[in-house]
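Please work through the exercises below with the sequence and the structure at hand.

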Amino acid sequence: MVREFKLPDVGEGVAEGELVSWLVEEGDEVSEDQPVAEVETDKAIVEVPSPVNGSVRELRAEEGEVVPVGNVIITFNVEGEDDEESTTESAKSEEPTESQAEVSEEPEVSEETETPEGRVFAAPSARRLARELGVDIGAVDGTGPSGRVTEHDVRTAAESTTDEVEQETEAVESDDDLEIQPENGGSASAGPSPDTIEPADRERTLAAPATRRLADEQGINLNAVPAVEERDGQAFVTPEAVREYAEAQQHAQAADAAAVASGETGPREERIPYRGIRRTIGKQMQKSKFTAPHVTHHDSIDVTELVETRAELKEIAEERGIKLTYMPFVLKAIVAALKEYPYLNSALDEENEEIVVKNYYNIGIAVATDDGLMVPVLKDVDKKDMLQISSEMNELVEKARDRTISRDEMQGGTFTITNFGAIGGEYATPIINHPEVGILGLGELKKRPVVVDDEVEARYTLPISMSIDHRIIDGAVVASFANQLLEYLHNPRLLLLE
């Protein structure tokens, strides 16, 4: 029987995913675990593997389509399966077909490919091409595997349709041409003025070859030209209609050019789908903000000694092929401070009404990527030395930025750090990464005036912003934690004891 494959929950509790791209086409042979599609859910693009050995029977979703988890996105013919059996199974799910010969040729179909005779087997790309060329895909003979209609079939059919329309047009011109094409250029019409012509949105248009050539010369999509009449139930476009529409487009372009010249360089508004990573970030932020009562504690510390220490170790790290930033020092300092204030490394189990104190230290590191905020998690920071932390952290950050990071590498965090100072600014109100109870924000590390022994000196200082879940952490605790953290960063040699 045909194996249907439903979109799995590739994330934790996600309800839907965007099908980014198909990695196979209908008719392709696939093996178990071979990636067949890329789906964007939660914070990553993941590959969806085939569950079986066999061949792709039908792709049931378009690229770019948002598919609910549990919906069938692809069907397979299992390797070695009897073709007749599989098609019969498919037919049972649709309308029963009396002719066994017909059934054996027609797999399941999508709504777009229904024809009076049955179903058509075609890849989404072939269907799109058919729509663009105005070809009825149901009338195309497929030459691909199992009678699948290929793009080549569609193009061949388009050429043949052009010839048919040419013959039809000759007949039309011989009798009622005057009714279709106004000869005086003008008044055809009863139609709208050139400035107000709205584009049509058809999938198929009948026109003479000469009209098609005219549209090509004018750079006009024939399916967008309003038709003044129909032939055999299909829109029929005349040369005059093409000219009018082209003129309208030229007026519109001139208006746009005038707008640009006057300073308006783009549309006043633009609508971008709110989904994928951006929506996931939004939902997580909303949940965190409205679940945990936030309190933010601000402070700053003289880190001149940290700057000097890092400068000394940087060259050694480079000799070992590792880029040493300030972040590993901060991570070591955070873990040392968390050990002294364990409630900041906990979570609230609301269902069981328990505070879960974590005796392991998995630190999430917020990373700004081109696709939005991602938080890779560096596991067991307390068990690693400075260079190991630096190396693994750099690798995770790189993975996050090029979208190759796995879900496992973004889960299991116990505390999070965000370095908005790398972009600029001193203080902010970081949003807690729920269900954690604390997050540390770093401001820009730079020289600022500091009073030392009653003298003002230019010293390196680091502003911090610490948000906590006030249900678990009191203000006095976060202040004490910050003092401890700053002590480690002010005297980085203390980290050698950790």
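Two exercises with worked solutions follow.

This is a predicted model, in which local features need pLDDT of at least 70, side-chain atom pairs count only at pLDDT 80 or more, and totals for chains, interfaces and linings use all residues. Residues are numbered from 1 along each chain as its sequence is written, and side-chain values use heavy atoms, with hydrogens and water left out.

**Exercise 1.** Describe how helix H10 and helix H11 pack.

Solution. Step 1: locate H10 at residues 327–340 and H11 at residues 386–401; helices are DSSP runs (H or I, at least four residues) and strands likewise (E, at least two), numbered from the N terminus. Step 2: take the geometry, an angle of about 115 degrees with the axes 9 Å apart; axes are lines fitted to C-alpha atoms over the stretch in contact, and angles run from 0 to 180 degrees between N-to-C directions. Step 3: list the contact (heavy atoms within 4.5 Å), to which H10 gives Met327, Pro328, Phe329, Leu331 and Lys332, and H11 gives Met386, Ile389, Ser390 and Met393.

**Exercise 2.** Identify the residues with the most contacts inside the largest nonpolar core.

Solution. Step 1: apply the criterion, a set of buried Ala, Val, Leu, Ile, Met, Phe, Trp, Tyr and Cys residues joined through side-chain atoms within 4.5 Å, where buried means under 20% relative accessible area with a 1.4 Å probe, protein chains only. Step 3: H10 supplies the largest share, ten residues. Step 4: beyond four places in sequence, the contacts of Leu440 include Ile334, Ile417 and Leu485.

Terms used: Buried < 20%, exposed > 50% of the residue type's maximum accessible area, 1.4 Å probe, protein only.
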